[in-house]
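Hi,

Here is the structure I promised to pass on. Please open it first, then read my notes below.

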Amino acid sequence: MKKFFFFAALAFGLASCQNDTNIFGVEVAPNEEPVEYTINVDIPELDETRALADKGYSDSGEGAIKNGVVASEDYTLRYILEIYDKDNNRSGEILYAHTDDNSVTFTPHLIPNRKYTFVVWVDIVPTSTVPTTTGKAADVHYNTDNLSAVTIKDAWAPMDETRDAFTGTAVVENLDLQNINTITVNCYRPFGKLRIVTTDMEAVSNLGVTPEYAKVEYTNVPKYSFNAFNGTYTKIDGTFAKSHTMFNIANYTTSNVNGEMTLYTDYFFAPEEQVSLGTFTMAVYDTDNAESIITTTSFPTDIPVKRNTLTTVKGNFLTLQNVNLQVVVENNDSFSGTGIEKEI
């Protein structure tokens, strides 16, 4: 396991009765000495054993942890904790932790008998970017300067499990030291995962063709800003277009079996109510030459995505080219379960 790294923008532990103001810049009365509280941040889904894939990823139906991303020395989890007061003002002090563990503990000094909201964001960053002094690793996939308005960075890469992330909040109406000095924040995904799985690999293999590269182009995908403070989503700029240039198709070693192969995965901010993803096209190639195209598939507008849910789209995408295309959509809560089927 990699070494743990714990840092804060400003050290909460320095607060004392000698301070004239608290962490929100408000004057503190003589009888309002800050007290140390324990904030436990936990990602329940990650409690299971995590295996490192020998090659590529492991299972396209799972997230980054179960695909061995954080088990690698190259990546680690980045935890961000923001604290808000009763008027929803954010503290000027923000805590960070960098570790591959599924839970961390923060110990801020807070004034008892007040309302606080604890907001957490957890994502994946390269280990090499973790600072050796106070601070946080730089944003990679998400803009996190303000957890009330988290957005996806424009230059995201396709089939990249390091885009997995988690978030959670806890509200304490009256932080009473006699009754509570430990607060737990459980974190879950703020988005849905899409995967495109072709079911005709046996037929394609008989032709001596192997899918190695792909291009994906979105035309009108809903674009959201995510408010981690209250768990709401705001649609911004209507829809967006995005073209992924030719990329290597990732090898999911345990799920690419029985004639199936995952051709594409992606993560999207999506509310808890089911929404339609929008139209997009996928072109598949057997080499990185534009002339080596195997097939192009245009996907309809009513493919559903929703928060913390896996949407699997299956079909004979390499041998049927938009002719009476039958697609099965398995919409599985929390990336597990029996799912539902839908023909498009």
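**What I found**

The chain has 344 residues, and 52% of them count as buried. Keep in mind that this is a predicted model.

Start with the overall picture. The chain holds one helix and 22 strands. Take the contacts between residues at least 6 apart in sequence: 72% of these join residues at least 24 apart. The chain exposes about 15400 Å². Carbon and sulfur atoms supply 45% of that area.

Now look at two residues.

**Tyr142**

Tyr142 sits in strand β9, which covers residues 142-143. Is Tyr142 buried or exposed? Its relative accessibility is 1%, and buried means under 20%, so Tyr142 counts as buried. Leaving out residues up to four places away in sequence, Tyr142 touches several others, among them Trp121, Asp123, Phe191 and Phe269. Ile152 is another residue that Tyr142 touches. Tyr142 and Ile152 are ten residues apart in sequence, yet their C-alpha atoms are 4.6 Å apart in space. Arg163 is also on the list of residues touched by Tyr142. A polar atom of the Tyr142 side chain lies 2.4 Å from the backbone oxygen of Arg163.

**Arg189**

Find the loop between β12 (182-186) and β13 (191-198): Arg189 is there. Arg189 has a relative accessible area of 1%, so this residue is buried too. Which side chain does Arg189 join in a polar contact of 2.8 Å? The partner is the side chain of Asp164.

Best wishes

Methods:
Residues are numbered from 1 along each chain as its sequence is written. This is a predicted model: local features need pLDDT of at least 70, side-chain atom pairs count only at pLDDT 80 or more; totals for chains, interfaces and linings use all residues. Side-chain values use heavy atoms; hydrogens and water are left out. Helices (H or I, at least four residues) and strands (E, at least two) are DSSP runs, numbered from the N terminus. Buried means under 20% relative accessible area, exposed over 50%, partly exposed in between (1.4 Å probe, protein chains only). Contact means heavy atoms within 4.5 Å. Accessible areas come from the Shrake-Rupley method with a 1.4 Å probe; for residues, only the protein chains shown count as cover. A polar contact is a pair of N or O atoms within 3.5 Å; within protein, one must be able to donate a hydrogen and the other to accept it, and residues adjacent in sequence count only if both atoms are side-chain atoms.
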